[in-house]
Amino acid sequence: MQIRTFRPEDQKAVIALWQRCGLTRPWNDPASDIERKCSEDPALFLVGTDDNDRVMASAMVGFDGHRGCLYYLAVSDAAMGVS
């Protein structure tokens with residue numbers, strides 16, 4: 001798995017991953033969360049990809065100058081070797 005920063009073209013795959021992992025909620029639009037993160041600190045929004053650059057994992061990191069937080073940590077079953 002390669003780790004790189006999120007790209008706009010990853011959005012559909014990332015949201016689908018979050019949905020498969022049970023991370024989304026009806027009252028919290030994931031596209032809005034992505035937009036907000038990309039406008040504030042895009043370097044701390046990471047995705048893991050396979051050899052074909054398909055999204056297999058994500059991590060959205062926050063840092064307030066003192067402590068860090070991890071949001072939307074997700075890994076696909078395929079990346080874990082689960083069928």
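Colleague: Which residue in strand 2 stands opposite Arg4?

Modeller: This is a predicted model, so each value here is computed from it. Strand 1 and strand 2 run antiparallel, joined by 4 bridges. In that pairing, the residue opposite Arg4 is Val47.

Colleague: In what order do the 4 strands form the open sheet?

Modeller: Strand 1 is joined to strand 2 by 4 bridges. Strand 2 pairs with strand 3 over 5 bridges. Strand 3 is joined to strand 4 by 6 bridges. The pairing is antiparallel, and the order is 1-2-3-4.

Colleague: Which are the edge strands?

Modeller: The sheet is open, with the order 1-2-3-4. The twist from one strand to the next averages 20 degrees. An edge strand pairs on one side only, and that holds for strand 1 and strand 4.

Colleague: Why is strand 2 described as largely enclosed by the rest of the structure?

Modeller: Buried means under 20% relative accessible area. Phe45 lies in strand 2. At 0% relative accessibility, Phe45 counts as buried. Strand 2 is largely enclosed because its buried residues number 4 of the 5.

Colleague: Which residue in the turn of the hairpin has a positive phi?

Modeller: The hairpin is formed by strand 2 and strand 3, with 5 residues between them. Thr49 has its bridge partner in strand 3, namely Val55. In the turn, phi is positive, at about 65 degrees, for Asp53.

Colleague: How do Phe6 and Phe45 pair: stacked or edge-to-face?

Modeller: Two numbers describe a pair of aromatic rings: the distance of the centres and the angle of the planes. For Phe6 and Phe45, the centres are 4.4 Å apart and the planes are at 10 degrees. Planes under 30 degrees apart count as stacked. The pair of Phe6 and Phe45 is therefore stacked.

Colleague: How many residues apart are Phe6 and Phe45?

Modeller: Phe6 sits in the loop between strand 1 and helix 1, whereas Phe45 is in strand 2. Phe6 counts as buried at 9% relative accessibility. The pair links distant parts of the chain, and the separation is 39 residues.

Colleague: Which residues form the aromatic cluster?

Modeller: The whole structure has 3 aromatic pairs. One of them is the stacked pair of Phe6 and Phe45. The cluster is made up of Phe6, Trp18, Phe45 and Tyr72.

Colleague: Which elements give two or more residues to the lining of the largest pocket?

Modeller: The largest pocket has a volume of about 200 Å³. Its lining includes Asp33, Arg36, Met60, Val61, Tyr71 and Tyr72. Met60 has Tyr71 as its bridge partner in strand 4. The elements asked for are helix 2, strand 3 and strand 4.

Colleague: How does the lining of the largest pocket divide into nonpolar, polar and charged?

Modeller: Lys37 and Glu40 are among the lining residues, as are Gly62 and Phe63. Lys and Glu count as charged, Gly as polar and Phe as nonpolar. The division is 5 nonpolar, 1 polar and 5 charged.

Colleague: Asp41 also lines the largest pocket. Is Asp41 buried, exposed or partly exposed, and which value says so?

Modeller: Asp41 is found in the loop between helix 2 and strand 2. Buried means under 20% and exposed over 50%. Asp41 is partly exposed, because its relative accessibility is 29%.

Key
Residues numbered from 1 in each chain as written. Predicted model: local features only at pLDDT ≥ 70, side-chain atom pairs only at ≥ 80, totals over all residues. Heavy atoms only, no water. 1 Å grid on protein atoms, 1.4 Å probe; cavity = no way out; pocket = protein on both sides within 12 Å on 5 of 7 lines; lining within 4 Å. Points joined across faces, edges and corners; volume = space filled by probe spheres on them. Phe/Tyr/Trp six-rings, centres within 6.5 Å; stacked < 30°, edge-to-face > 60°. Buried < 20%, exposed > 50% of the residue type's maximum accessible area, 1.4 Å probe, protein only. Pairing = 2+ DSSP bridges. Axes fitted to C-alpha atoms, helices over the stretch in contact; angles between N-to-C directions.
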